[in-house]
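Dear colleague,

Please find the structure below, handed over for your use. My findings follow it.

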Amino acid sequence: MTMTVDEARGAVTFAVHQIVPDADVQSVDDDADLRAEFELDSLDFLSFVELLSNRAGHRIDEEDYPYLRTMSTCVAYLRAER
Amino acid sequence: MAEFRMPSLGADMDRGTVLEWLVRPGDTVHKGDLMAVVDTAKSAVEVETFADGVVEKILITPGEEVEVGTVLATLSPVGEPARIAPAPAALAPSPPAPSPPAPSLPAPSPTAPSPPSAAPKVSSPLVRRRADELGVDLANVQGTGKRGAVTRADVEHAAQVLRSGAPIAESRPLNLHRASPYARRVAHELGVDLAAVTATGRNGAIRAEDVRAAAAGGSPPPQAVQPIRPSRPDAMRETIARVMARSKREIPHYYLSTAVDLDESMRWLRERNRQLTVSERLVPAALLLKASAVAARQHPGVNGFWTEEGFTAARSVHLGVAISLRGGGLVAPALHDAADLSVTELMSALRDLVARARRGRLRRAELADPTITVTNLGDQGVESVFGVIYPPQVALVGFGRVVDRPVAVEGLLGVRPTVTLTLSADHRATDGFTGARFLATIDGLLQHPEAL
């Protein structure tokens, strides 16, 4: 079942908040690099992928990491039919 | 009678603040059991006892800053009737004397509920991971395992309770509130007691805004005088300034650098990760750290301490890992016996260590005993880092970003993932020759990741 845009945004926001509790996700540009914006290191990013993967209900392979760069690309990726 | 004293958590610490007691008078403790949480300039640290006994008197109230060596609590031998004194009321003002008299207060503060269990919270990294995933604070979980150890089932049960909104507060010790490190800092700066804050965050977590609201909204101010000291970021800045200045003043650094081909390692990681769930995946840092630890074991000259008597090689490799904190500053706690961990174990230990460093819950030994430190600034995009040695250690390994580079491979030009590996080492302890062989060993190990 495809996520709505709001659900996908919610999933990304939730995942960022789990890692950076005080992150102000709303105020960040949709095309901003999430790793740079929230200072996510490789371990943080792994947690981010883990959380998104749980929410999406399918595994996210390393090959797909480039799709998880910004809010826009994450939303598009999470909503894509697979 | 044994005494439990304010420990020195590294060469740079001369004072510390008891944040919280994990035991109460009358509790039986064993060597290694956690006694208290101590706040240093760098982090909140869980401190254990070195003696067996029954907690007799708790001499220092939470919030009080004392010098290293100050007696914090007394222990009477097991089996001997202990003259148990009540715990001092929270935040009762008391002069910071090196050996303050036992406060003879009539009763524990009525607002201080008893902790759920006298036993220390022992838990495996896996259990801690699970707790993190579920947003469960281990300090609030009643352990049913051996010696009160918190098991996975306990954590999952606690998570259910949390979700169902059942009250667990009555068994919650003072000061243990779910709050982000930032919220804690704000609370500290504004002098707000977290117990008085209404939480609006997820799972009842206290957010910085809640703290500000509580500060503005006339919740009862803490009655005691707040100890005046700089907030953690400032204190941490001062500590870093002092230690790094000392390092540069005393340690004659020499620097080496080499490019390491990571083709084999990255290929191996990719293949391995493809077969694993996200949570089991390895990051390149795990391999780099493992290789560094194994190489340090083979080159004892870079793994140990320089003191007035000269160099002493350490018996194990406790690999310090530089971890940047979100509020600014950094800590470099140790992964114990890193050379003996499998890469998977090391990865799990690393995740646990980073999570706790950022949450401000490190253990005494982790801060006190790294034997060599690794800094990995690759995630920040720089290609190489020449670090400053953390005294009394004698070497610091640096990894930059993994970049695709054109390299000559068997007479042909190829593009390979490459990392710049550097070493800053103490020339009093080793010469460049030893350092070079150490780096060559790391390089060699990374060419055979399957053997790590």
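This is a predicted model: local features need pLDDT of at least 70, side-chain atom pairs count only at pLDDT 80 or more; totals for chains, interfaces and linings use all residues.

At a relative accessibility of 24%, Asp61(A) counts as partly exposed.

**The interface between chains A and B**

The side chain of Asp61(A) meets that of Arg281(B) in a salt bridge, at 3.9 Å from N to O. This pair crosses between the chains: Asp61(A) sits in the loop between H3 and helix H4 (71-79) of chain A, and Arg281(B) in the loop between H6 and H7 of chain B. Whereas Asp61(A) is partly exposed, Arg281(B) is buried, with a relative accessibility of 1%.

Between chain A and chain B the count is five salt bridges. Another pair consists of Arg358(B) and Asp41(A), whose closest N and O atoms are 3.0 Å apart.

In terms of contacts, 25 residues of chain A touch 24 residues of chain B. The two chains bury about 2000 Å² between them, and carbon and sulfur atoms give 44% of that area. On the side of chain A, Leu43(A), Leu46(A) and Glu50(A) supply 29% of the area buried against chain B, more than any other three residues.

Ser53(A), in helix H3 of chain A, has a relative accessible area of 9% and is therefore buried. Beyond its neighbours within four places in sequence, Ser53(A) is in contact with His58(A), Arg59(A) and Ile60(A), and also with Val278(B).

**Pockets and cavities**

The second largest pocket has a volume of about 1100 Å³. Its lining comprises 33 residues, and those nearest its centre are Arg35(A), Ser42(A), Met266(B), Pro284(B) and Asp379(B). Which elements give two or more residues to this lining? In chain A they are helix H2 (34-37) and helix H3 (42-56); in chain B they are helix H6 (263-274), helix H7 (284-298) and strand S19 (403-409). H6(B) gives the most, with four residues. By class, the lining of this pocket has 17 nonpolar, seven polar and nine charged residues.

A search of the whole structure also finds three cavities of 30 Å³ or more. The second largest cavity holds about 40 Å³ of space. Its lining is made up of Arg9(A), Val25(A), Val28(A), Asp29(A), Asp30(A), Leu34(A), Phe38(A) and Met71(A). These divide into five nonpolar and three charged residues, with no polar ones.

**Chain A**

The secondary structure of chain A comes to four helices and zero strands. Of the 82 residues in chain A, 46% are buried. Among contacts in chain A with a separation of 6 or more, 55% are between residues 24 or more positions apart.

**Salt bridges within chain B**

Over all chains, the structure holds 26 salt bridges. In chain B, Arg363(B) pairs with Glu46(B), with 3.7 Å between the closest N and O atoms. Arg363(B) lies in strand S16 (residues 362-363) and Glu46(B) in strand S5 (residues 44-48), so the pair ties together parts of chain B that are 317 residues apart in sequence. Arg363(B) is partly exposed at 24% relative accessibility, while Glu46(B) is buried at 8%. Both residues belong to a network of salt bridges that also links Glu20(B), Asp352(B), Arg356(B), Arg361(B) and Glu366(B).

A further salt bridge joins Glu3(B) and Arg5(B), with the closest N and O atoms 2.7 Å apart. Glu3(B) is partly exposed, at 41% relative accessibility, and Arg5(B) is partly exposed with a relative accessible area of 41%.

**Backbone geometry**

Most residues other than glycine have a negative phi, and most peptide bonds are trans.

- Glu39(A), which is not a glycine, has a positive phi of about 55°; Glu39(A) is placed in the loop between H2 and H3 of chain A.
- Asp337(B), also a residue other than glycine, has a positive phi near 50°. Asp337(B) is found in the loop between strand S15 (334-335) and helix H8 (343-359) of chain B, and is partly exposed, with a relative accessible area of 30%.
- Pro391(B) and Pro392(B) are joined by a cis peptide bond, with omega about 5°. Pro392(B) lies in the loop between strand S17 (372-376) and strand S18 (395-399) of chain B.

With kind regards

Definitions and conventions. Residues are numbered from 1 along each chain as its sequence is written. Chains are lettered from A and ligands numbered from 1 in the order in which they are written. Side-chain values use heavy atoms; hydrogens and water are left out. On a 1 Å grid over the protein atoms alone, a cavity is a set of points where a 1.4 Å probe fits but cannot get out, and a pocket is an open set with protein on both sides within 12 Å along at least five of seven lines; lining residues have an atom within 4 Å of a point. Grid points are joined across faces, edges and corners, and a volume is the space filled by probe spheres set on the points. Ala, Val, Leu, Ile, Met, Phe, Trp, Tyr, Cys and Pro count as nonpolar, Asp, Glu, Lys and Arg as charged, and the others, Gly among them, as polar. Buried means under 20% relative accessible area, exposed over 50%, partly exposed in between (1.4 Å probe, protein chains only). Contact means heavy atoms within 4.5 Å. Buried area is the accessible area (1.4 Å probe) that two parts lose on being put together, summed over both. A salt bridge is a side-chain nitrogen of Lys or Arg within 4 Å of a carboxyl oxygen of Asp or Glu.
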